[in-house]
Structure formats: structure tokens, C-alpha cells
Amino acid sequence: MRVAFLGLGIMGRPMAANLVKAGNEVAVWNRTPGKQVEGARVAQSPADAASGAEVVWMCVSDTKAVESVLFGPQGVESTIGAGAIVVDSSTISPSAEHQFAERLRAKGVEYVDAPVTGSKVAAENGSLIFMAGGEEAVLAKLEPLFKAMGKQVFRMGETSKGQAAKLVMNLQIALIFEGFAEALTLATKLGVNVESLLPLIQASMVKSGVVEYKAPFILRRDFTPNFPLRLMLKDIHLALDAAKEARVKLPALETVEEIYEMAAEEGHQDLDYAATLTLLEKWAGVEVKGAA
Ligand code: NAP
């Protein structure tokens, strides 16, 4: 298929590379020039990339970024043809996504939101999980592209329901990680060796995928970003905004939001969100070698 891929960040670049590997004709664009993907044409603007594309796939930071890529100067809207499909794998506001979809549907363009779960490693090895919002027939057309980048697609309902599901997923990741980080901090303070604690956690009902993924990084004190703290904080804000609109109270997430804001103020915003652990350690007076 002729695919335009917009946004070559931690996630977008390996996703686009997997589309090329699967034999698609790919044009890539990134706001900051200089990023490329082997075997793909480098486009000069979102409009240039979208011109003649059957599918325009986006993976950029946030709601404003998606709006500017679609509707800003040299945006997708100016060249995309009727019948083309726009897919958004960024994590953004569900209500904004709904409005973007309406605006493009008026031009005969199909629109799917397909945020992902799985981090940098899953993007690289093509094992992302997509949660999609859109019509079944449109999702069926996208199946070969989903297969090139991921291992599963869950249809959550109409357009924007993928984003709603994604916020619900990241809310849980943030809370599970916070529980893990608090457990590690208290364990260290009480003299329990963290390396002995990990197999116990994973043998018990406390076991989690979040612990499995994050523990090796934490043991190495490696906080290079797989999922940057600033992006998890963005998702916490989005979840709390959506909860406010829906009149739902999320007290634990509100507390976690404060912790992430403090960690960002301490300059950890571009580290992995696991670096929030270092704040708890600091408050507890835990001495750790190589702390962020
Ligand atoms: P990232 O490495 O920070 O990359 C962000 C991308 O968005 C870059 O290509 C950046 O371009 C572009 N961008 C930012 N603002 C823009 C704007 N105003 N206009 C156009 N492009 C803009 O982020 P990422 O980790 O790839 O994440 C991308 C999306 O996937 C986010 O919504 C994130 O929440 C979601 N996500 C990430 C993960 C993860 O583990 N990393 C997992 C699931 C979902 P520049 O190069 O010019 O800055």
C-alpha cells in the first residue's frame, strides 16, 4: 500500500521501518528534519507525504501535534484524497480525536484512532497491541498494516473509543508502577533486598507485566526513556480531563499526577517514567548508586 507515516519519534520510526519491511511504499515526515527510515521517501511536509497516499498514519506527541499535522500549514487536509484513510497512533484526547475525524470525514476521508500499548521494544519487533476505534470495514482494509507493526488489534467501538481505552490502560500502568515503586522504596528502607523481592512478587498474585518489563531497567538504574515521563504525565492529564467530563473521581490518579509533576519539576521529564522512583527514594532518604 502507499502509506504516509508522520512522526519518527521513539515509536514512529520503528513502526514506519516495519511498514517498509513488509513491502509497503512508504513516505515519511518528521517535524525536525534529519530523521529518516531506510527504504522510505523523506517528504517535505505532511501535505507532501499525504499526496497520493492510500493511508496516512500518525504517531506524534499530543493533541496539538496531531491538530497541526492534520490542519496546520502544509497539513494533511490540504492534499489528502477522498477514500484515503487517516490512522492516529498517538495518544490524544478522545473528544479532540472525534472532532478531527468529523472534519476529515466531511472530505470523504475515513478516520481510525489506533493508539498502541507496548513500548519501544514492541514497536521495534512488530509486537505492538493496537486498540482501535473505527468502522469494521475500514479496520479490515488496514489489517496488513496492523500485522506489519503489531501482534493484536482490539476494536473498542467507533472512532475515539481507541483513545478512551488507551487512557484507561495507561491509568492502570501509572498506578501499578506507583505501587511497585512504593513497595521497592519501603522494602529497601526495611532492609529487604530488592533482587530477592522480585522473584517473590512474580511468583505471587501481585505479579505484573509492568514489573516484568521495568524491573531489569531499575536494577541497572537505567532511566533512559522507553516511555518518557513527560508523555505519561500527558496521559495522566488526559485521563483526569476525561474523568472530569464524565463526572468520575479518580483520587489515586490525582495523587500520582502530583508525583509526576514534582518529578518533572526536578528535571526528570525526558527520562523514563520509572524515574519517579527516584523521587520516592529521595523523600525516604534511600541512598542508591547511580540514582537519576
Ligand atoms: P517521542 O519520541 O517524543 O516522539 C514524538 C514525535 O512527535 C516526534 O516525531 C516529534 O517530532 C513529533 N511532534 C511533537 N510535537 C509535534 C508538533 N507540534 N507537530 C508535529 N510533530 C510533532 O514520542 P513517542 O514515544 O514516539 O510517542 C509518540 C506517541 O505514542 C505519544 O502520543 C505517546 O504517548 C504514544 N505512546 C508512546 C509509547 C512509548 O512507550 N514511547 C507507548 C505507547 C504510546 P520532533 O522530532 O520534531 O520533536
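Reply: A backbone N or O atom of Ile 10 lies 2.8 Å from an oxygen atom of the ligand. Keep in mind that this is a predicted model, where local features need pLDDT of at least 70, side-chain atom pairs count only at pLDDT 80 or more, and totals for chains, interfaces and linings use all residues. Residues are numbered from 1 along each chain as its sequence is written, and side-chain values use heavy atoms, with hydrogens and water left out.

Me: How far is an oxygen atom of the ligand from an N or O atom in the side chain of Thr 32?
Reply: That distance is 2.4 Å. For the side chain of Lys 234, an N or O atom is 2.7 Å from a ligand oxygen.

Me: And how much of the ligand's accessible area does the protein cover?
Reply: On its own the ligand has 900 Å² of accessible area, and the protein covers 89% of that (Shrake-Rupley method, 1.4 Å probe).

Me: Switching topic: which element gives the largest share of the shell around the ligand?
Reply: That's α11, with four residues (helices are DSSP runs of H or I, at least four residues, numbered from the N terminus). α11 spans 229-245, and α3 (63-71) also gives two or more residues.

Me: How do the shell residues divide into nonpolar, polar and charged?
Reply: There are 11 nonpolar, 11 polar and six charged. Asp, Glu, Lys and Arg count as charged, and Gly is among the polar ones.

Notes. A polar contact is a pair of N or O atoms within 3.5 Å; within protein, one must be able to donate a hydrogen and the other to accept it, and residues adjacent in sequence count only if both atoms are side-chain atoms.
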